Amino acid sequence: MTMTVEDVLAQLDPKLRKTVMSGNTVPETEYAATPSFGLNRALNGGFPYGRQVLIWGSKSSAKSSMCLQTIALAQQEGKICAWIDAEMSYDRNWAEKLGVDTEKLIVSKARTINEMVDVGVKLMEAGVDVIVVDSITSLLPAIYFEKDSDELKQLENTKQIGAESRDFSNACKMLNYANNKVKPTLLIFISQSRNNINAMYTSQQPTGGQAVKFYSSTVVKLFSSESDNQALKGKIHVGDKLIEEKIGRKVRWDLQFSKTSPAFQSGEYDFYFRGNHLGVDSVADLIDTAELLGLISRTGAWYQLDDGTKIQGRDGLINKLKEDKTLYFTILEKIQSLAK
């Protein structure tokens with residue numbers, strides 16, 4: 001006799017039956033926008049809630065600052081955000097300059113992988129929407145401590161191959177299990193770049209082993225060169241004088257993996273650490289994205305808009321959009337309509 005789906009479900013344990021039946025409804029994915037329009041376009045809207053995201057790359061590529069700006073945008077939508085500070089480098093003043101409401105931001109410290117998991121699970125159970133861990137590179141595995149104690153071992157007694165990767169593998173499994181209990185939480189891991197030395201060549205990879213990348217639905221690599229030709233310069237006041245100094249740099253992003261959008265996309269944005277505008281320059285990024293989508297055409301140094309208006313130079317168009325908010329939102333709406 002052929003059994004129907006209802007017959008199979010009727011023979012299941014009541015708890016298991018509830019789990020199977022609840023899985024029939026798949027909620028629509030919600031996205032947390034980043035400060036980069038180009039990256040948002042590549043991600044189909046931003047980082048997905050209910051999933052783990054890995055952001056890694058070279059030093060001074062503004063990984064933490066980009067995440068702080070992402071939190072600022074999420075807070076504007078009424079989301080509850082948390083920052084797990086593993087590097088002990090969280091700067092409240094800098095976060096406020098990037099638009100974060102620090103009064104509403106939950107800041108917690110974690111020195112070990114175990115502490116990070118404990119704090120992360122509690123935040124998820126409390127219904128926090130966005131959790132950023134900065135950074136997993138600084139977290140110590142359990143092998144560094146005496147058994148059932150917070151006392152550190154002697155350094156020579158901490159050598160165990162794969163201890164850190166094994167702990168991160170278990171940590172990712174536990175955090176994945178804890179997620180979606182109340183509502184989907186966006187978990188962002190920040191990781192530094194480290195060298196992977198092989199017989200024939202040297203490559204770069206994030207901290208935490210393969211498990212961190214495996215459990216991440218989105219992997220973004222940020223890179224910023226320290227060369228002068230990638231530096232952004234501007235006039236700043238030093239006493240009574242106005243001098244030209246480095247105020248920012250170009251940051252390149254590579255979408256290396258994504259389960260919610262096409263991967264292997266790349267782009268760059270301007271990041272400023274000094275001057276009147278701090279963080280990712282969203283206006284400049286909007287112009288670059290509009291040009292990429294054909295909404296703005298360029299001939300030599302001249303930019304032409306849809307209405308035939310011509311503006312000389314990228315800096316000139318940036319200043320125009322900063323002054324003309326109507327034009328800014330018109331271009332933004334056109335980009336968003338193409339993304340749908």
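Helix α9 spans residues 282-292. Its buried residues are V283, A284, D285, L286, I287, T289 and A290. Buried here means under 20% relative accessible area, with exposed over 50% and partly exposed in between (1.4 Å probe, protein chains only). Helices (H or I, at least four residues) and strands (E, at least two) are DSSP runs, numbered from the N terminus. An α-helix has 3.6 residues a turn, so residues three or four places apart point the same way. D281 caps the N-terminal end of α9. One of its side-chain oxygens lies 3.2 Å from the backbone nitrogen of V283. After α9 comes G294, with a positive phi near 85°.

The model is predicted: local features need pLDDT of at least 70 and side-chain atom pairs count only at pLDDT 80 or more, while totals for chains, interfaces and linings use all residues. Residues are numbered from 1 along each chain as its sequence is written, and side-chain values use heavy atoms, with hydrogens and water left out.

Strands β14, β15 and β16 form an open sheet in that order, with antiparallel pairing. Two strands pair if DSSP finds at least two bridges between them. The edge strands are β14 (297-299) and β16 (310-312), each of which pairs on one side only. From one strand to the next, the twist averages 25°. Axes are lines fitted to C-alpha atoms, for helices over the stretch in contact, and angles run from 0 to 180 degrees between N-to-C directions. Strand β15 (residues 302-304) is joined to β16 by 3 bridges, and the two run antiparallel. Y303 has I311 of β16 as its bridge partner. Helix α10 (residues 314-323) packs on this sheet and touches β15 and β16. The direction of α10 makes about 120° with that of β16.

S261 sits in the loop between β11 (241-258) and β12 (265-272). S261 counts as buried because its relative accessibility is 10%. Its side chain makes a polar contact of 2.8 Å with the side chain of S258. A polar contact is a pair of N or O atoms within 3.5 Å; within protein, one must be able to donate a hydrogen and the other to accept it, and residues adjacent in sequence count only if both atoms are side-chain atoms. A polar atom of the S261 side chain also lies 3.0 Å from the backbone oxygen of A42. Leaving aside neighbours within four places in sequence, S261 is in contact (heavy atoms within 4.5 Å) with A42, L43, N44 and L255.

Cysteines were also examined. C67 counts as buried because its relative accessibility is 0%. C172 is buried too, at 1%. A search of the whole structure finds 0 disulfides (pairs of cysteine sulfur atoms within 2.5 Å).
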